[in-house]
Amino acid sequence: MELRNCPDCGKVFTFISRNLCPACIEKEEASFNKVEEYLEENTGATISEISRATGVAEEKIIFFLRAGRLVPIGGKHLLECESCGKPISSGRFCAGCQAVLSSSLREAGASRPPAEEEAPLIRRPEPGLRQKGKMYTADRYRKTRR
Ligand SMILES: [Zn+2]
Ligand SMILES: [Zn+2]
């Protein structure tokens, strides 16, 4: 059993999965319901509009968005990419930064030299077929060029 201080109200509580005491989780749920209700009637409202109308802190609304509990209707981009600041609809990064991040992760994983034993696994095409294919495409290429 792990005791923690609630970051919102400072009360000591038993940590389960959320770093928030039960009372504050309840408050958060109430906030979420308010935001949800507001959005039902005000489709496409911005974070500041929602915050002003519901009294729910903007950070909380952003938290709901990042957690995927709120989804901007009509693909509205209410969040900003944490890396480049581009508007995004959910998560932490825009598609571009996400791609760069995951490819840099891949590169890090692939930085070790490829194992020699892996080479024979690549199926080489039959020599005859390969040549036929080549001639065909070259022919097609010439035809479409003229
Ligand atoms: Zn609390
Ligand atoms: Zn980005």
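**Confidence**

Which element of the chain has the lowest mean pLDDT, and which the highest? Helix H5 (residues 127-145) has the lowest mean pLDDT among the elements, at 45, and strand E2 (residues 12-15) has the highest, at 94. For the chain as a whole I noted an average pLDDT of 75, with 68% of the residues scoring at least 70.

A reminder to myself: where pLDDT is low, the predicted coordinates should not be read in detail.

**The hairpin**

Next I turned to strand E2 and its partner. How do strand E1 (residues 2-5) and E2 run, parallel or antiparallel? I found them antiparallel, with four bridges joining E1 to E2. The two strands form a hairpin, and six residues lie between them. In the turn I picked out Gly10, which has a positive phi of about 85°.

I also traced two of the pairings. Arg4 has Phe13 in E2 as its bridge partner, and Asn5 stands opposite Val12 in E2.

**H1 against H2**

On to the helices. At what angle do helix H1 (residues 22-41) and H2 pack? I read about 115°, with the axes 10 Å apart. The range for roughly perpendicular is 65 to 115 degrees, so H1 counts as roughly perpendicular to H2. The crossing of these two helices is right-handed. H1 brings Lys34, Val35, Tyr38 and Leu39 to the contact, and H2 brings Ile50, Ala53 and Thr54. I sorted the contact residues of H1 with H2 into five nonpolar, one polar and one charged.

**H2 against H3**

Which residues does H2 (residues 47-54) use to meet H3 (residues 58-66)? I started with the geometry: the axes come within 9 Å and cross at roughly 125°. H2 and H3 are therefore oblique to each other. H2 passes H3 in a right-handed crossing. The answer on residues is Ile47, Ser48, Ile50 and Ser51 from H2, which meet Glu58, Ile61 and Ile62 from H3. By type, I have four nonpolar, two polar and one charged in the contact of H2 with H3.

Methods
Residues numbered from 1 in each chain as written. Chains lettered and ligands numbered in written order. Predicted model: local features only at pLDDT ≥ 70, side-chain atom pairs only at ≥ 80, totals over all residues. Axes fitted to C-alpha atoms, helices over the stretch in contact; angles between N-to-C directions. Parallel < 35°, antiparallel > 145°, perpendicular 65-115°, else oblique. Left-handed = near helix turned anticlockwise from the far one by under 90°. Contact = placed C-beta atoms within 7 Å. Nonpolar A, V, L, I, M, F, W, Y, C, P; charged D, E, K, R; others polar. pLDDT = per-residue confidence, 0-100. Pairing = 2+ DSSP bridges.
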